Amino acid sequence: MEEKYWKQFLETGKITDYLYYKGMQIISRVMDSYEGDGRYESNNGDRHGACSDTRGRV
């Protein structure tokens with residue numbers, strides 16, 4: 001994916017295309033750092049989803 005943005009930058013020379021390329025590099029590094037972490041999986045919480053009552057009542 002990064003290569004696509006790099007090629008686009010080489011063709012156009014636009015700053016925005018370069019920034020897209022750099023952004024893809026950053027996103028890739030962040031995703032790699034969280035790979036296998038499990039913190040962001042939807043079924044990993046101790047509550048009952050987005051509509052849960054966190055006050056501890058039944």
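This is a predicted model: local features need pLDDT of at least 70, side-chain atom pairs count only at pLDDT 80 or more; totals for chains, interfaces and linings use all residues.
**Entry 1: handedness.** I started with the two helices and looked up how they pass each other: helix 1 goes by helix 2 in a left-handed crossing.

**Entry 2: axes.** Helix 1 covers residues 2-12 and helix 2 covers residues 15-34. Their axes come within 8 Å and cross at roughly 165°. That angle makes helix 1 roughly antiparallel to helix 2, because the cut-off for that label is over 145 degrees.

**Entry 3: who touches whom.** Next I listed the contact residues. From helix 1 I have Glu2, Tyr5, Trp6, Gln8, Phe9 and Thr12. Across from them, helix 2 puts in Asp17, Tyr18, Tyr20, Tyr21, Met24, Gln25 and Ser28. Sorted by type, the residues of this contact come out as seven nonpolar, four polar and two charged.

**Entry 4: rings.** How many aromatic pairs does the structure hold? I get five. I opened up one of them, Trp6 with Tyr21, and found a tilted pair with 4.9 Å from centre to centre and 50° between the planes. Trp6 sits in helix 1 and Tyr21 in helix 2, so this pair ties together parts that are 15 residues apart in sequence. I also traced a cluster: ring pairs link Trp6, Phe9, Tyr18 and Tyr21.

Entry 5: Trp6 is partly exposed, at 32%.

**Entry 6: Lys7.** Last, I checked Lys7, which is in helix 1. Its relative accessibility is 46%, so Lys7 goes down as partly exposed. I also took a C-alpha distance from Lys7 to Tyr21: 9.2 Å, for residues 14 apart along the chain.

Conventions:
Residues are numbered from 1 along each chain as its sequence is written. Side-chain values use heavy atoms; hydrogens and water are left out. Axes are lines fitted to C-alpha atoms, for helices over the stretch in contact, and angles run from 0 to 180 degrees between N-to-C directions. Helices (H or I, at least four residues) and strands (E, at least two) are DSSP runs, numbered from the N terminus. Angles under 35 degrees count as roughly parallel, over 145 as roughly antiparallel, 65 to 115 as roughly perpendicular and the rest as oblique. A crossing is left-handed if the near helix is turned anticlockwise from the far one by less than a right angle, and right-handed if clockwise. Contact means heavy atoms within 4.5 Å. Ala, Val, Leu, Ile, Met, Phe, Trp, Tyr, Cys and Pro count as nonpolar, Asp, Glu, Lys and Arg as charged, and the others, Gly among them, as polar. Rings of Phe, Tyr and Trp (its six-membered ring) pair if their centres lie within 6.5 Å; planes under 30 degrees apart count as stacked, over 60 as edge-to-face and the rest as tilted. Buried means under 20% relative accessible area, exposed over 50%, partly exposed in between (1.4 Å probe, protein chains only).
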